[in-house]
Amino acid sequence: MNKKTFSLGVFSILLGIVMLIMSNGIRDFAAVGVGAKFFPRIAASGFIIIGALLAFQQRAVVSQLFSSAGSQDVKEDKGDMVAVWLTMGLLAIYLFLVPRLGYILSTLIYIFGQTLILNRGEKQHYLRFAIIALISASATYLLFVKVFRVMIPAGIFG
Amino acid sequence: MIIEGILAVLSAKTILLIFGGTVLGILFGSVPGITVTMGVALFLPITFNMTPVDGLSLLMGLYIGGTSGGLISAILLNIPGTPASICTTFDGAPMARKGQAGKALGLGIVFSFLGGIFSLLVLYFISPMVARVALSFASFEYFAIGIFSLTLVSTMSGKSLLKGLFSALLGFSFTFIGMAPITSFPRFTFGIRDLNAGLNLLPALIGLFAVAQLFEESQQGVAEKVEPIEYSIKGFGFSLKEFFSQKMNFLRSAVIGTGIGILPGLGGAICSVVAYGVAKNRSKTPELFGQGSIEGLVASETANNASTGGALVPLMTLGIPGDNTTAILLAGFMIHGITPGPLLFENNGVLVYAIFTALMLANIFMLISEYGGMRLFVKILNVPKQILLPIVLSLCVIGAYGVNNRMFDVWTMLFFGILGFVMKKFEVPSTPLLLGFILGPIIETELRRGLMRSQGSFVRFFTEPISGVILTITIIIVLFSVYKEIKNMIARRRETTKL
């Protein structure tokens, strides 16, 4: 019924195994009680058990579904994954630019780009969005830097 | 100490911060998709440069305003601004459609205020008593409480306990990164120097709750714009007779809200649903529920605001967050070097009573600003999400950067944002991750300390009276949760076979 849950189970098992192997490199230093590798190992075992249960649960359900004639995979509404990839890419570029160009310039570019992505399918008002991006980037900068005295990367203006 | 606490808040600057926090909280709460949790997380870094009283007062204003603000969009847009105002839509929106939007808003605002004040009184009288008991706690008891709190995962897990446990374990595992407690040996740092101090809670929180939401909205696209319903209001919009007819309903809902709020992990949404259900069962006119019943609206709004004081009881007395937002408030205490728990009442009594006063003021400001500034909030509901969300995200960057003034935390925020989005896609709840992240270090440190005291014996954890009782209750809850999960699984299987 749910391939995602099955994959999650497999991922959990793999994660547990990797953690278990990596925990061997931790030095314990414990003369009394438990050391630094105790909890990572408990967690790793937990991942393996939970993963096995998740995978087993789904295996049973999936096999039942296959055995009943006419059963169909439940298709979920996937929405627009391209927009998600674009948002992730834009955010990564934004974070890359913040220390280089500074907060105001990079935020201006980000807000403008993100608004266009979120507004896809509707009429794009480029000038209006650019003005909004400029005002909000400058206003948040002034509010946080001048009023709240929070440190923000200054970039090329620094 | 009480008077000192009250006086600490009564400066123009602090009062202004509480007022500003409350207004901003109402804004965050009223705009659907932007939650109070996100609001409190965003403003945490700003409190760095403030005194603990100022910083925590601002956060309390945000918390109270945000919890109540959800009623505006629930009534005028039929969209709950926060999960806690879901039941408000059931009767608030039908009232608005019948031309009684003003009355619905008036009732919602006044009973939100009364619910908040009721729970605050409970917090004021109960928490010092709980703190006195908790003063005798040592490593054994703290470990037991940490483990007990992990059982709350079952209440936060949604449909699947296993996925909830996976999420909690993932959160727990993130706390292994960095120096190990007691021995300070670096673990899972992969040679990255920035990881030596471990992952900070705040970027993780902003990522999980704000950035993940942006990805979600990007995927779904911005929904068609819903215009708020026009309203007019005279006085508070309702008569004294209508007000007094709700006194029993109010009292019952306030007790339910505060009581459930005290139980860690349940939150305002459950309080509101339970109070709404009980009000319907007790009502002489249950058929009006869902059609614009005053009783339903009052029950929902009283209970969700009554949960605020309740959720602060375990936070302030035991250091255990009552819900998502109080988990962030816990971080708010920590960044000022204050550890909530029984010693808070001993060492920082003035701060405790200052917080109580700030909460009282925030409730009053909430009443005034929601009533007086209603038109402004309605105007903000008109701002399209495609413009609001990118601005909120740029604030997230400021918030994450402000933690340690380094880009590493901002990248951590992005990582947790992607993780939160992927978890949503795999139907893995993110709140247990947060719980694991917060409780992990407490459990590990206290177990290791306790074992050092007991010369490596686990028996002392069960023979110490308080920790023994807590651990026994924990085992019973775990067994019950497993039993319930197996029962649900069998029921699901039967349904699948029928199909």
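User: How many salt bridges does the rule find across the interface of chain A and chain B?
Analyst: This is a predicted model, in which local features need pLDDT of at least 70 and side-chain atom pairs count only at pLDDT 80 or more, while totals for chains, interfaces and linings use all residues. Residues are numbered from 1 along each chain as written, chains are lettered from A, and side-chain values use heavy atoms, without hydrogens and water. For a salt bridge (a side-chain nitrogen of Lys or Arg within 4 Å of a carboxyl oxygen of Asp or Glu), the count across the interface of chain A and chain B is 0.

User: Which helix gives the most residues to the side of chain A that touches chain B?
Analyst: In contact, meaning heavy atoms within 4.5 Å, are 69 residues of chain A and 66 residues of chain B. By class, the chain A side has 44 nonpolar, 18 polar and 7 charged residues, where Ala, Val, Leu, Ile, Met, Phe, Trp, Tyr, Cys and Pro count as nonpolar, Asp, Glu, Lys and Arg as charged, and the others, Gly among them, as polar. With helices taken as DSSP runs (H or I, at least four residues) numbered from the N terminus, the element that gives the most to this side, with 14 residues, is H2(A).

User: What area is buried between chain A and chain B?
Analyst: Buried area is the accessible area (1.4 Å probe) that two parts lose on being put together, summed over both. Carbon and sulfur atoms give 79% of the area buried between these two chains, and the total is about 5800 Å².

User: Which residue meets B:Glu242 in a salt bridge?
Analyst: The search of the whole structure finds 9 salt bridges over all chains. One of the pairs links distant parts of the chain, 139 residues apart, with B:Glu242 in helix H11 (residues 240–244) of chain B and its partner in helix H6 (residues 101–134) of chain B. The side chains meet at 2.5 Å, N to O, and the partner of B:Glu242 is B:Lys103.

Note on methods:
Helix = DSSP H or I, 4+ residues; strand = E, 2+ residues; numbered from the N terminus.
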